[in-house]
Amino acid sequence: MYKMPFADFDPARFMADFKIPSFDAEGAIALHRKNVEAMTAASQTAFEGAAAFLRRQGELAREAVEATTANMNAVFSDASFEDKAERNTAFVKGAWDSAVAGAGDLADMSVKTGREVFVLIDKRVREALDETAAMVASPSASPSAAPKAAPAKT
């Protein structure tokens, strides 16, 4: 005889076994407050890094203008073409070395700031994941509620 599938299905019994965890609103608010604090700290670090970067960039530009001005004054005071060419060649070599060193400084500053910001965000994301896991963990998932191992048969 054919039996209808799910004929003996009892929705009330099914729903009794289905447990919905309670929502911890205070925990969620605390989690988001910590997220905002971490983002504020990361933004502050990024802002301070950008300000230091711009200050250093301005210093490099000022130094370049001062060096160029001093070189031009010296070139105009030289009498021979050879002296002017020699002075300009030395100046260009020095200017190139300064530009490369300055670009390296700026790159290092950018990387340092980026790493600091990333570390702050990474730390908070990891903490938030742990906090979220703790908020949604069921009591039966705790280590103390784990089933005891059966004694070994000899």
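At what angle do helix 2 and helix 3 pack, and how far apart are their axes? The angle is about 180 degrees, and the axes lie 10 Å apart.

The model is predicted, so local features need pLDDT of at least 70, side-chain atom pairs count only at pLDDT 80 or more, and totals for chains, interfaces and linings use all residues. Residues are numbered from 1 along each chain as its sequence is written, and side-chain values use heavy atoms, with hydrogens and water left out.

**View 1. Helix 2 packs against helix 3.** Axes are lines fitted to C-alpha atoms, for helices over the stretch in contact, and angles run from 0 to 180 degrees between N-to-C directions. Helix 2 and helix 3 are therefore roughly antiparallel. That label applies over 145 degrees; under 35 is roughly parallel, 65 to 115 roughly perpendicular, and the rest oblique. The residues of this contact divide into 21 nonpolar, 12 polar and 8 charged. Here Ala, Val, Leu, Ile, Met, Phe, Trp, Tyr, Cys and Pro count as nonpolar, Asp, Glu, Lys and Arg as charged, and the others, Gly among them, as polar.

**View 2. Helix 3 spans residues 81-136.** Helices are DSSP runs (H or I, at least four residues), numbered from the N terminus. Helix 3 has 56 residues. From first C-alpha to last, helix 3 reaches 81 Å, close to the 82 Å expected at 1.5 Å a residue. The expected span is 1.5 Å times one less than the number of residues. Gly102, Leu106, Thr113, Val117, Arg124 and Ala128 are buried in helix 3. Buried means under 20% relative accessible area, exposed over 50%, and partly exposed in between (1.4 Å probe, protein chains only). Helix 2 (25-77) is included in what covers the buried residues of helix 3.

**View 3. Gly102 sits in helix 3.** Its relative accessible area is 3%, so Gly102 is buried. Gln57 lies 45 residues from Gly102 in sequence. In space, the two C-alpha atoms are 8.0 Å apart.

**View 4. Asn71 belongs to helix 2.** Asn71 has a relative accessible area of 8% and is buried. Leaving aside neighbours within four places in sequence, Asn71 is in contact with Arg87, Asn88 and Phe91. Contact means heavy atoms within 4.5 Å.

**View 5. Glu127 forms salt bridges with Lys123 and with Arg124.** A salt bridge is a side-chain nitrogen of Lys or Arg within 4 Å of a carboxyl oxygen of Asp or Glu. The N to O distance is 3.8 Å for Glu127 and Lys123. For Arg124 and Glu127, the N to O distance is 3.2 Å. Glu127 and Lys123 are 4 residues apart in helix 3, about one helical turn. Arg124 and Glu127 are 3 residues apart in helix 3, again about one helical turn. Lys123 is exposed at 52% relative accessible area. Glu127 is partly exposed at 31%, whereas Arg124 is buried at 6%. A network of salt bridges links Lys34, Lys123, Arg124, Glu127 and Glu131.

**View 6. Glu59 and Arg56 meet in a salt bridge.** The N to O distance is 3.3 Å. Both residues lie in helix 2, 3 residues apart, about one turn of the helix. Glu59 is partly exposed, with a relative accessible area of 34%. The structure holds 10 salt bridges.

Note on methods
Helices (H or I, at least four residues) and strands (E, at least two) are DSSP runs, numbered from the N terminus.
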